[in-house]
Amino acid sequence: AVQKGLALAEQTVKRLNDTGAKVVVLARAGQDLSQYGLRYSHLGLAYRDGGTWRVVHKLNQCGTDRSALYRQGIGDFFMDAPFEYEAGAVVLSPQVQDRLWPMLQDGQVLRTLHTRAYSMVAYAWAQQYQQSNQWAIETLALAMEPQASRRDQAQAWLRFKGYEPTELHLSTLSRLGARLASANVTFDDHPAQLRFSGRIRTVTVDSVFAWLNRSGLGESPLLIH
C-alpha cells in the first residue's frame, strides 16, 4: 500500500509539474462510490510551494462528528489506503490560481469558513455541518469574492456561478442505518421535503469537477494513475 501510494504521488507530481500550474483541485478515490455513479470521494486544494507540491484539505477525525484542516505533502494525501490508486486533477483558470495561491499558505485565512461540525452528507446550501469538499469550494468562493466572509455568502456566490450539488437517492433504511452506525453522517440539515423522499443533495468531487469545467473556472479533469 505504501509503495502504491508513493508511486501514485510521484506520478501526480510529475503530471502537475507538466501543467505549469501553481494551484489545482486534486482528488482521490478513497471509497467505492460507484453505486452512486461517482468516481472520486475526496478533494483538496493543491499548490506549488517552491519546488514542492502541498495539499490543504479538510479531514473528519476518526469517524467522529468533528473535523480539522490539514496541510500535507502529495505522498501523505495518498496514504489512506484508497479504493483505487488513481487521482483526478483540475487545473484552475489563471485568475482563480492567482487568487487562491496566497490564501493557501495562510492558515488563519483558510479557517475563515471552516465549520468543525461534520457530516459526510452535509446539505450543500446549509451551514449547520460542513463536509470536506464543501469547505474546499466555499474557500474557493472566498478567494474569488473576498466580501463573502460568511458561509451563506460563499454559497450564494457558488449558486450565482452555477454550482449544482449531486443528488443522491437513499432509502429510508440506508439513511437510518448510516445515522445509527456513524457519528459523521446526519441528515437533519436537509430540507424535509427532500430528506423524506430520500433525495440528499451534497457536494461531491464529480459535481465540482463538472462545475469547474462548465463555468470556465477550470480545465477538463486530468486522470492520473
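Colleague: Which exposed residues sit on the face of helix 1 turned away from its buried side?
Modeller: In this predicted model, that face of helix 1 carries the exposed residues Gln 3, Glu 10 and Asp 18.

Colleague: And which residues of helix 1 are buried?
Modeller: The buried residues of helix 1 are Gly 5, Leu 8, Ala 9, Thr 12 and Leu 16. They lie on the same side of helix 1, because the arc they cover around the axis is only 105°.

Colleague: Why would residues three or four places apart point the same way?
Modeller: An α-helix has 3.6 residues a turn, so residues at that spacing point the same way.

Colleague: What covers the buried residues of helix 1?
Modeller: The cover includes strand 1 (23-29), strand 2 (42-49), strand 3 (52-60) and strand 5 (84-91). Helix 2 (74-77) and strand 8 (222-224) are also included in the cover.

Colleague: What span should helix 1 have, at 1.5 Å a residue?
Modeller: Helix 1 has 18 residues, residues 2-19, and should therefore span 26 Å. Its end C-alpha atoms are 26 Å apart, which agrees.

Colleague: Which residue follows helix 1?
Modeller: Gly 20 follows helix 1, and the phi of Gly 20 is positive, near 75°.

Colleague: Changing topic, how many cavities of 30 Å³ or more does a search of the whole structure find?
Modeller: The search finds 1 cavity of that kind. The largest cavity holds about 40 Å³ of space.

Colleague: Which residues line the largest cavity?
Modeller: The lining consists of Val 25, Leu 43, Leu 45, Ala 136, Ile 137, Leu 140, Val 208, Trp 211 and Leu 212. Strand 2, helix 5 (132-144) and helix 9 (205-215) are the elements that give two or more residues to this lining. By class, the lining of the largest cavity has 9 nonpolar residues, with no polar and no charged ones.

Colleague: What is the volume of the largest pocket?
Modeller: The largest pocket has a volume of about 790 Å³. It is lined by 36 residues, of which Gln 31, Leu 33, Ser 41, Tyr 118 and Met 120 are the closest to its centre.

Colleague: What classes of residue does the lining of the largest pocket have?
Modeller: That lining has 17 nonpolar, 14 polar and 5 charged residues. Strand 3, helix 5 and helix 7 (172-181) each supply at least two residues of the lining.

Colleague: What does Ser 132 touch, not counting residues up to four places away in sequence?
Modeller: On that basis, Ser 132 touches His 42, Lys 58, Leu 59 and Tyr 118.

Definitions and conventions: Residues numbered from 1 in each chain as written. Predicted model: local features only at pLDDT ≥ 70, side-chain atom pairs only at ≥ 80, totals over all residues. Heavy atoms only, no water. Helix = DSSP H or I, 4+ residues; strand = E, 2+ residues; numbered from the N terminus. Expected span 1.5 Å × (residues − 1). Buried < 20%, exposed > 50% of the residue type's maximum accessible area, 1.4 Å probe, protein only. Arc of directions from axis to C-beta. Contact = heavy atoms within 4.5 Å. 1 Å grid on protein atoms, 1.4 Å probe; cavity = no way out; pocket = protein on both sides within 12 Å on 5 of 7 lines; lining within 4 Å. Points joined across faces, edges and corners; volume = space filled by probe spheres on them. Nonpolar A, V, L, I, M, F, W, Y, C, P; charged D, E, K, R; others polar.
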